Amino acid sequence: MVLEKMEKFLDNIQPMDLMRSEKMSFVQLIIPAESAHRAISYLGEVGLLQFRDLNADKSPFQRTFVNQVKRCGEMSRKLRFFKDQINKAGLLSSAHPVIEPDVELEELEVQLAEHEHELIEMNSNSEKLQKSYNELLEFKMVLQKAVGFLVSTNNHAVAEETELHENVYSNDHYGDTASLLEQELRSVPPNQSGLRFISGIIPRSKVLRFERMLFRATRGNMLFNQAPADEEIMDPVSTEMVEKTVFVVFFSGEQARTKILKICEAFGANCYPVSEDITKQRQITREVLSRLSELEATLDAGIRHRNKALSSIGYQLTRWMNRVKREKAVYDTLNMLNFDVTKKCLVGEGWCPSFAKAQIQETLQRATFDSNSQVGIIFHVMDALESPPTYFRTNHFTNAFQEIVDAYGVARYEEANPAVYTVITFPFLFAVMFGDWGHGICLLMGALILIARESKLSSQKLGSFMEMLFGGRYVLLLMSLFSIYCGLIYNEFFSVPFHIFGGSAYKCRDTTCGDAHTAGLVKYQDPYPFGVDPSWRGSRSELPFLNSLKMKMSILLGVAQMNLGIILSYFNARFFASSLDIRYQFVPQIIFLNSLFGYLSLLVIIKWCSGSQADLYHVMIYMFLSPTDDLGENQLFWGQRPLQILLLLLALIAVPWMLFPKPFILKKLHTERFQGRTYGILGTSEMELDMEPGSARSHHEDFNFSEVFVHQMIHSIEFVLGAVSNTASYLRLWALSLAHSELSTVFYEKVLLLAWGYQNIFIRLIGLAVFAFATAFILLMMETLSAFLHALRLHWVEFQNKFYHGDGYKFKPFSFASITEDDD
């Protein structure tokens, strides 16, 4: 009677939004070919339909719309080229593009091709002009520097041969600039026996190797002079500024000339002819300077024209990129659809939330009307053998907590969602380890700054660390609030206690209260109203008291959270109508856990309330070793010994209760079903349906008793051993809380107070800086990360393994909103 009333009460409770994933429907769409593109585009705007790939057996090149996908890919390449050119030019593409009517994809393709051709031509011309400019600039520097090397050779008889007509600048672009030089070179006959020279310019990084190679090639029969160039030369390809060095090599003989020219070519050195005639040098210099000024003007005009063209592209770049991404996504989705036998309609299948069916039908009707199609789109619900995807509707606040759960594993379809409880339990367990209301206020300020700038930061591209921090801003907010709460309970503000809630309940027995050999503190009034009494700080019993408090508190919190996990397994089994899981999994598990660790939690509470001096270690150990012995001074309440014997027997009975009945009952049900006495699918989590696509009902006939039994045995052993290890794992709450408190105390007493003991302001400032640095980087960053990871482990392992399978897959609808900048 009581059970029936409880069942009725539970049935009348309204379901929570996040407790179970949304109900999903498997739907089929039959879309006329003329309205297919518009229909898929409209569905992308809605973003509530996940398509199945009906062409999974085909390669990308065998699909229907492969040519359109290639065209979109080519347009994406052109747009990336435009973006790179804009970034190289130092221009900014408009974040808010000019609103213009959308052009057709074919028109956009033509526009992009024209812009690309124009840009490539401008780049080519600019590169040629820059190359000519560099050559003239190098020639000018060679003329300036080489004169100094040639002064000492003016009195030599071989001076008339120094122009080296054989070494006229070999580059094709220089031929049209050397009319005066050619005349000079033709007027001087070569002298094969005199001293000659080659002048040029080379990158400074190659000078040492270049000189060594020349020395070896000529066997030391040369003279190498060098001088650094006054200006850096811009590389037209990489646009980087390169430092160069002017050189002059003196040698004798035709063979040496040939070797030197080949080495110059190999090292990328540019050689330029220099006349020893002062008049001709001045003429050539004037001609070079004139050409340089003309090229500078031409280059500036070209850059202005190119920047103007890039700016006009930049105004529309964001809109074009979004348009191309959307078109590519539409054709990728169309490739997942199949043509029917008439080749006039496209057939698609997919999943959508049940609440969205009406909205999707309305969207398809609008697509039919807008495309002027004579035939409507057929949309109907079908049965599916595969498991539906998991979809939770989250907001800015709950999304981060759902991501924490999904990082462990996506929930199975409609199983209980741990994120509902993680919203509170995760930041609270973090705060138990991090409790300090001074540090909590620092975290709260950071969280409030992120939330206050939410609209601005959400529209910016953030780094990986900042993006993670911004995504978890509400997690950080709750962690900071709970840290302030736990810090007030621990009475720690940067490890310093305060009398916030009234006077202390203790006072010193004598003046040597802090001495370890005295009786210490004595109680003289009512307990401190809230949290830990500040008088414990600095007393000889501070550490034993806080250790005892935090250790017992960790056990209580751990047992409570593990019981919550087992209770959620009951709601899972009840939701999926699995009576076997309730009777032979939930009941023995709840009995086993509470017979041992639930009883330990009860003893802790009774000891706190009664002020007993009983040794709980002794009670729990001898509960197993000598359950019938008299407890003596360790007895906390009447009837404790028979209760311990009863609980021990229940724990022993619970183990075979978990292990044996369920496999044999499953075998019996399977046998009866096979013989035809009953027919139906077993509703149990241990005998899941074959959820793979394309599976047949006949697959459910398979039943391997040994496999089921071994699985159940592993599950039972894991739970029994895990009950001990998981409870012990919650002691990390005590350990990290103690570590955080002790670190704070060390930094406060050994750094800040020690520095403040000096009368020197400089030492005080250094101490304050070290304390601030240690607080910010060690206590607020490293300790926050440490407590976060430990809280994460307690939820993933100790809590979720009691009920959470996490073997589902996410609902990933076709949505334009999910297309990011890196989707190309």
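1. Helices (H or I, at least four residues) and strands (E, at least two) are taken here as DSSP runs, numbered from the N terminus. On that basis the secondary structure of the protein chain comes to 23 helices and 13 strands. The model is a predicted one, in which local features need pLDDT of at least 70 and side-chain atom pairs count only at pLDDT 80 or more, whereas totals for chains, interfaces and linings use all residues. Residues are numbered from 1 along each chain as its sequence is written, and side-chain values use heavy atoms, with hydrogens and water left out.

2. On the chain as a whole, buried residues make up 45% of the 824 residues, where buried means under 20% relative accessible area, exposed over 50%, and partly exposed in between (1.4 Å probe, protein chains only). With a contact defined as heavy atoms within 4.5 Å, 81% of the contacts between residues at least 6 apart in sequence join residues at least 24 apart.

3. Strand β10 (residues 345-353) is largely enclosed by the rest of the structure, because nine of its nine residues are buried. The cover extends to both faces, with Cys 345, Val 347, Glu 349, Trp 351 and Pro 353 buried on one side and Leu 346, Gly 348, Gly 350 and Cys 352 buried on the other.

4. The partners of β10 deserve a look, two strands being paired if DSSP finds at least two bridges between them. Strand β1 (residues 24-32) pairs with β10 in the antiparallel sense over nine bridges, and Pro 32 stands opposite Cys 345. Strand β2 (residues 50-51) runs antiparallel to β10 and is joined to it by two bridges, with Phe 51 opposite Gly 350. Two bridges also join β10 to the antiparallel strand β9 (residues 338-339), where Asn 338 faces Val 347 as its opposite residue; in the hairpin of β9 and β10, which has five residues between the strands, Lys 343 takes a positive phi near 65°.

5. On cysteines, a search of the whole structure finds zero disulfides, a disulfide being a pair of cysteine sulfur atoms within 2.5 Å. The sulfur of Cys 264 has its closest cysteine sulfur in Cys 271, and the separation of 3.7 Å is too far for a bond. Cys 264 is buried, at a relative accessible area of 1%, and Cys 486 also counts as buried, at 3%.
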